[in-house]
Amino acid sequence: MELKQLYREIVNEHNLHPVHKKTIENPDLVLRGVNPSCGDDITLSLKLKDGVIEDGGYEGSGCAISQASVDMMIDQIIGKNKEEAIKLAGTFMGMIKGEVTDEESLEALDEAAALQDVAHMPARVKCAVLGWRTMQEVLENPEKSEA
Ligand code: ZN
């Protein structure tokens with residue numbers, strides 16, 4: 001299978017069968033993220049224990065890229081502490097901007113690296129980073145949380 005096709009399949013799979021599109025009971029952090037240019041609108045909920053992200057979920061709607069991206073993101077950040085999750089968000093956004101291309105960094109993103117091609121689709125960049133931007137914002141500014 002061609003790599004690009006494999007990536008498309010990964011994005012499709014997360015869009016059609018999201019694992020983390022669910023309500024989180026008693027979340028510690030909740031933040032809504034909106035991308036008006038596309039109509040993507042998500043609410044991200046995170047549960048933390050001893051500074052580690054224990055569980056996460058999202059609700060809302062949007063295009064395939066925004067939905068798949070946030071689903072993959074939650075996969076990647078569960079089990080990580082705040083600092084690690086924020087660092088990973090930086091790596092992801094760097095990849096989407098086309099600034100991060102080395103294999104070691106991309107490997108850290110695991111499946112989320114499937115969105116690397118978005119770097120060549122400027123109109124979709126905001127869709128791809130929506131979940132990550134929202135996660136970074138609420139971890140860095142917990143006072144913004146709506147939980
Ligand atoms: Zn979108």
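I began with the zinc ion, whose donors follow the spacing C-x1-D-x22-C-x63-C along the chain. These protein donors are Cys38 (SG), Asp40 (OD), Asp40 (OD), Cys63 (SG) and Cys127 (SG), and they lie 2.2 to 2.7 Å from the zinc ion. I counted as donors N, O and S atoms within 2.8 Å of the metal (3.2 Å for Na, K and Ca), and since water is not among the atoms, sites may look incomplete.

I noted that the model is predicted, that local features need pLDDT of at least 70 and side-chain atom pairs pLDDT 80 or more, and that totals for chains, interfaces and linings use all residues. Residues are numbered from 1 along each chain as its sequence is written, and side-chain values use heavy atoms, with hydrogens and water left out.

Next I looked up burial, where buried means under 20% relative accessible area, exposed over 50% and partly exposed in between (1.4 Å probe, protein chains only). Cysteine 38 is partly exposed at 36%, whereas cysteine 127 is buried at 1%.

I then turned to the aromatic rings and found one aromatic pair. The ring centres of phenylalanine 92 and tryptophan 132 are 4.4 Å apart and the planes meet at 10°, so the pair is stacked; rings of Phe, Tyr and Trp (its six-membered ring) pair if their centres lie within 6.5 Å, and planes under 30 degrees apart count as stacked, over 60 as edge-to-face and the rest as tilted. Phenylalanine 92 counts as buried at 0% relative accessibility, and tryptophan 132 counts as buried at 0% too.
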